Amino acid sequence: MFDLGQFVKTKRKELGLSQDKLAKASGVSDSTIKRIEDGSRKTPNWENLCKIARALQTHPFEILLKAGYIEPSDIQPDMKLHGLESLSDSEIGTVQLFIDFLNSRRLAGGAGEDGGI
């Protein structure tokens, strides 16, 4: 399992930040940063994890993934739909309406086994 503290330390150094600068950038105390990095504090609370991730220019899920606390499937389940991330909020809303429509037809018995319209 990857060490959370080591990941934070490595990212911090890649950005040229001292523990003190990371603490100031994240709004988390320098003693908390030190305890995370040296392993005496295994996992920060969610709020601090998010603050640290933002200051490290990464996402909290990346930290949790690298530390081995979560798996890729916890973040992005195996879906057959691809390209959703490139759609606007309005387009996602339209897709959701279509999915709701298909589900309502299925519940009403209007769609065949293959889900056809």
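## Chatting about packed helices

Biologist: Hi! At what angle do the axes of α2 and helix α3 cross, and how close do they come?

Modeller: Hello! In this predicted model, the axes of α2 and helix α3 (residues 30–38) cross at roughly 120 degrees and come within 8 Å.

Biologist: Is α2 oblique or roughly perpendicular to α3, then?

Modeller: That angle makes α2 oblique to α3. Roughly perpendicular would call for 65 to 115 degrees.

Biologist: Which residues make the contact between α2 and α3?

Modeller: On the α2 side you'll find Gln-19, Asp-20, Leu-22, Ala-23 and Ser-26, and they meet Asp-30, Ile-33, Lys-34 and Glu-37 of α3.

Biologist: And how do the residues of that contact of α2 with α3 divide?

Modeller: They divide into 3 nonpolar, 2 polar and 4 charged.

Biologist: What is the handedness of the crossing of α2 and α3?

Modeller: The crossing of α2 and α3 is right-handed.

Biologist: Let me pick one residue. Is Glu-37 buried or exposed?

Modeller: Glu-37, which lies in helix α3, is buried, because its relative accessible area is 10% and buried means under 20%.

Biologist: Which residues is Glu-37 in contact with, leaving aside neighbours within four places in sequence?

Modeller: Glu-37 is in contact with Gly-5, Val-8, Lys-9, Arg-12 and Gln-19.

Biologist: How far apart are Glu-37 and Gly-5, in sequence and in space?

Modeller: Glu-37 and Gly-5 are 32 residues apart in sequence, while their C-alpha atoms are 3.7 Å apart in space.

Biologist: Okay, new helix pair. At what angle do α2 and α4 pack?

Modeller: Helix α2 (residues 19–26) and helix α4 (residues 46–55) pack at an angle of about 110 degrees, and their axes are 8 Å apart. The two are therefore roughly perpendicular to each other.

Biologist: Which residues make that contact?

Modeller: Leu-22, Ala-25 and Ser-26 come from α2, and Lys-51, Ile-52 and Ala-55 come from α4. They divide into 4 nonpolar, 1 polar and 1 charged.

Biologist: What kind of crossing is it when α2 passes α4?

Modeller: A right-handed one.

Biologist: Why do you keep giving an angle and a distance?

Modeller: Because two packed helices are described by the angle between their axes and the distance between the axes.

Biologist: Is Gln-57 buried or exposed?

Modeller: Gln-57 counts as exposed because its relative accessibility is 63%, and the cut-off for exposed is over 50%.

Biologist: Last topic, the whole protein. How many helices and strands are there?

Modeller: There are 7 helices and 0 strands.

Biologist: How many residues does the protein have, and what share count as buried?

Modeller: It has 117 residues, and 27% of them count as buried. The accessible surface comes to about 8100 Å², with 53% belonging to carbon and sulfur atoms.

Biologist: And what share of contacts between residues at least 6 apart in sequence join residues at least 24 apart?

Modeller: That share is 45%.

Technical notes. Residues are numbered from 1 along each chain as its sequence is written. This is a predicted model: local features need pLDDT of at least 70, side-chain atom pairs count only at pLDDT 80 or more; totals for chains, interfaces and linings use all residues. Side-chain values use heavy atoms; hydrogens and water are left out. Axes are lines fitted to C-alpha atoms, for helices over the stretch in contact, and angles run from 0 to 180 degrees between N-to-C directions. Helices (H or I, at least four residues) and strands (E, at least two) are DSSP runs, numbered from the N terminus. Angles under 35 degrees count as roughly parallel, over 145 as roughly antiparallel, 65 to 115 as roughly perpendicular and the rest as oblique. A crossing is left-handed if the near helix is turned anticlockwise from the far one by less than a right angle, and right-handed if clockwise. Contact means heavy atoms within 4.5 Å. Ala, Val, Leu, Ile, Met, Phe, Trp, Tyr, Cys and Pro count as nonpolar, Asp, Glu, Lys and Arg as charged, and the others, Gly among them, as polar. Buried means under 20% relative accessible area, exposed over 50%, partly exposed in between (1.4 Å probe, protein chains only). Accessible areas come from the Shrake-Rupley method with a 1.4 Å probe; for residues, only the protein chains shown count as cover.
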